[in-house]
Amino acid sequence: MRLRKTISLVAVAGMMAGCTSTGGVRQPSGPETVAPEKALVLPPPGGPSIVSVVERKRGNGVEQTVSLFTSSSVPGQNFLKIQFFGASGANPGMGNAGFSMINESAIAREMAHAAPGVPMATSATFLQNAYGPFGYASGRSRAGDACIFAWQQIRSSAAANTQARNFGMIQLRLRLCDARASERQLVGVVYGYTISGTFDGVIWNPYGTPPPADAALGRTGDPIYPDEGGYRASPMPIGYEPAQGAAPLPAPIGPRVPLPGEAPQTSAAPEAAGTPLVQSARAIGVTVPSPDCIGDAAMTAVCRR
């Protein structure tokens with residue numbers, strides 16, 4: 001009897017819960033499109049422009065794929081992909097993103113998937129942008145399109161991690177193919193992109209402790225010069241002299257009319273090479289006629305004096 005009453009109470013509770021349900025539709029959590037201004041990494045000024053941004057939140061960070069304008073016959077879309085690893089538990093229920101250190105075989109697989117059919121060669125030159133070292137591979141398609149695939153990992157040093165901070169990490173990938181650009185122009189995008197996203201809390205800072213300022217700054221006896229190659233280059237010369245062979249001032253055109261009361265000027269001009277200068281002087285004067293000598297009266301003898 002008691003069991004029968006318990007079952008009845010459970011059934012009633014279930015019916016009441018069904019009646020109070022809103023019946024709303026919930027979309028499963030997954031990738032979503034966000035506005036371009038919400039991109040965690042931005043291409044440099046001048047392009048390539050952002051087409052769309054797809055974001056996926058994880059239990060230990062955030063991933064974004066920033067699709068870029070593409071002008072190429074190579075299959076696929078130009079993109080900037082960024083992954084923030086850290087902040088454990090920031091997005092519960094979303095699953096953690098697995099990550100591994102950058103290695104050659106993994107990069108080769110990513111490269112083949114990003115630019116299929118394009119033979120790529122990895123650059124052996126050490127390169128570094130504002131965020132640290134990066135690597136890239138380049139190649140050309142059969143149609144002659146230039147392609148690069150670049151990768152970068154940003155994290156603090158192991159010594160900084162032992163101080164219970166600076167645990168975050170950022171990984172970036174860039175795929176660029178263009179029918180009219182050179183390899184150097186494409187690599188310039190790696191130097192120009194800006195990471196706008198940040199971790200919430202200094203414990204996840206992926207950049208480590210900022211380096212100290214140069215000891216020469218503000219110190220007496222260490223002048224700093226505005227040379228293009230950097231400060232503290234070759235000393236600047238003290239003082240200056242006018243440049244040799246400066247152009248002479250232009251010669252005046254025509255005779256100068258003296259001011260009232262000023263003595264008449266003389267003009268001198270060489271007659272020929274090896275002959276002395278001949279000076280000539282001519283008085284220049286201005287006569288103002290009398291009011292009685294205007295019109296027909298100007299021809300009278302009095303007025304003609």
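Biologist: Is F134 buried or exposed?

Modeller: Before that, a caveat: this is a predicted model, where local features need pLDDT of at least 70 and side-chain atom pairs count only at pLDDT 80 or more, while totals for chains, interfaces and linings use all residues. Residues are numbered from 1 along each chain as its sequence is written, and side-chain values use heavy atoms, with hydrogens and water left out. On the scale I use, buried means under 20% relative accessible area, exposed means over 50%, and partly exposed is in between (1.4 Å probe, protein chains only). F134 comes out at 8% relative accessibility, so F134 is buried.

Biologist: How many aromatic pairs are there in the whole structure?

Modeller: Rings of Phe, Tyr and Trp (its six-membered ring) pair if their centres lie within 6.5 Å; planes under 30 degrees apart count as stacked, over 60 as edge-to-face and the rest as tilted. Searching the whole structure with that rule, the number of aromatic pairs is three.

Biologist: What is the geometry of the pair F134 and Y191?

Modeller: The ring centres of F134 and Y191 sit 5.2 Å apart. Their planes are at 85°, so this pair is edge-to-face.

Biologist: How many residues apart in sequence are the parts that F134 and Y191 tie together?

Modeller: Helices (H or I, at least four residues) and strands (E, at least two) are DSSP runs, numbered from the N terminus. F134 belongs to strand β8 (residues 132-140) and Y191 to helix α4 (residues 183-192), so the pair ties together parts whose separation in sequence is 57 residues.

Biologist: What kind of pair do F149 and W151 make?

Modeller: F149 and W151 are both buried. Their ring centres are 6.3 Å apart with planes at 40°, so the pair is tilted.

Biologist: Which handedness does the disulfide of C147 and C177 have?

Modeller: A disulfide here is a pair of cysteine sulfur atoms within 2.5 Å, and C147 and C177 have theirs 2.0 Å apart. C147 in strand β9 (residues 146-155) and C177 in strand β10 (residues 169-178) are 30 residues apart, so to speak a link between distant parts of the chain. The torsion about the S-S bond is about 120°, so the disulfide is right-handed.

Biologist: Which elements do the buried residues of α4 pack against?

Modeller: L186, V187, V189 and V190 are buried in α4. They cover an arc of only 135° around the axis (taken from the directions from the helix axis to the C-beta atoms), which puts them on the same side of α4. R184 and Q185 are exposed on the other side. With contact meaning heavy atoms within 4.5 Å, the buried residues pack against β7 (127-129), β8, β9 and β10.

Biologist: Which residues does A181 touch, not counting those up to four places away in sequence?

Modeller: A181 sits in the loop between β10 and α4. At 14% relative accessibility, A181 is buried. Its contacts are R140, A146 and L186.
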